[in-house]
Amino acid sequence: MRTLIFNGSPRKDGDTAALIYALCSRLHGEIFTVNAYYDGISPCTDCRFCMKNSGCAINDKMTDVYEQIKASDNIVIASPIFFSELTGPLLSVMSRLQTLFCAAHFREEKREQILKRGAVILTGGNDLGSQKAENTAQILLKAMGAADIFPPVCCKNTDTLPAAENAAALEDMERIANFFNGGCRI
Ligand SMILES: Cc1cc2nc3c(=O)[nH]c(=O)nc-3n(C[C@H](O)[C@H](O)[C@H](O)COP(=O)(O)O)c2cc1C
């Protein structure tokens, strides 16, 4: 089993990292992580290369990530909420999924059908809405071929209770791990 995790947090020991750690400690198989702030992946420049050609005109770490997307059984989008959305650098990395969109809509390529599972893990300092970030993350997971998505988990109020100490959020990581490892959602 292979799991691909996109981490949208700038804080290496922050709340999102704590939840990713809790999830990974329970996951079977191989794990590949993309760190939006630190992996040097450039944004899409809308050069239109991928309207006619497979892959991407930009040659950077995203080339490996495309392979990981194809090969993964599970994909996770984990991010702090910034102004109700996923963080800017994570959205920037995700803009490179345009080639997957073009594969279906312009190049008319057939997608290899591996049934992928997905999960959304969000952290927020307060208890304001997470709906926008959840919707965006789910659109991106579907673009990567995740058809079966675990109900989004949002660990709120991290200003007063860090995610690492939030028992409910840690239990949710266990549920996601069970879901990916082949069990059920409960
Ligand atoms: C620029 C910025 C914008 C933020 N906007 C929100 C927000 O809209 N809603 C919210 O609940 N928290 C917001 N926060 C708080 C973070 O989401 C919160 O501290 C989160 O736990 C940080 O996760 P991390 O430690 O993994 O980076 C914001 C923080 C920053 C720096």
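The model is predicted: local features need pLDDT of at least 70, side-chain atom pairs count only at pLDDT 80 or more, and totals for chains, interfaces and linings use all residues. Residues are numbered from 1 along each chain as its sequence is written.

**Overall fold**

- The protein chain holds 7 helices and 6 strands, where helices (H or I, at least four residues) and strands (E, at least two) are DSSP runs numbered from the N terminus.
- Read from the N terminus, the elements follow the order β-α-β-α-α-β-α-α-β-α-β-β-α.
- With a radius of gyration of 16 Å, close to the 16 Å that the globule rule gives for 186 residues, the protein chain is as compact as a globular protein of that length; the radius is taken over C-alpha atoms, and the rule is 2.2 Å times the number of residues to the power 0.38.
- Along the principal axes, the C-alpha atoms of the protein chain fill a box of roughly 50 × 35 × 25 Å.
- Of the 186 residues in the protein chain, 40% are buried (20 or more other C-beta atoms within 10 Å of the residue's own, with C-beta atoms placed from the backbone).

- Let's turn to strand E4 (residues 116-123): 8 of its 8 residues are buried, so the strand is largely enclosed by the rest of the structure.
- In a regular strand, side chains alternate between the two faces of the sheet.
- Both faces of E4 are covered, with Lys116, Gly118, Val120 and Leu122 buried on one side and Arg117, Ala119, Ile121 and Thr123 buried on the other.
- E4 pairs in the parallel sense with strand E3 (residues 74-80) over 7 bridges, pairing being called when DSSP finds at least two bridges between two strands; here Ala78 stands opposite Ile121.
- Strand E6 (residues 153-155) is also parallel to E4 and joined to it by 3 bridges, and Cys154 is the bridge partner of Leu122.
- Strand E5 (residues 146-149) runs parallel to E4, with 3 bridges between them, and Gly118 stands opposite Ile149.
- From E4 the chain passes through helix H6 (residues 131-143) to E5 in a right-handed β-α-β crossover (clockwise from the first strand over the helix to the second, with the strands pointing away from the viewer).

**Around the ligand**

- The ligand is surrounded by 17 residues, the closest being Gly14, Thr16, Pro80, Gly124 and Gly125; a residue counts as near if its C-beta atom, placed from the backbone, lies within 6 Å.
- Helix H1 (residues 15-24) gives the largest share of this shell, 3 residues.

Key: A residue is buried if 20 or more other C-beta atoms lie within 10 Å of its own, exposed if 12 or fewer, and partly exposed in between; C-beta atoms are placed from the backbone.
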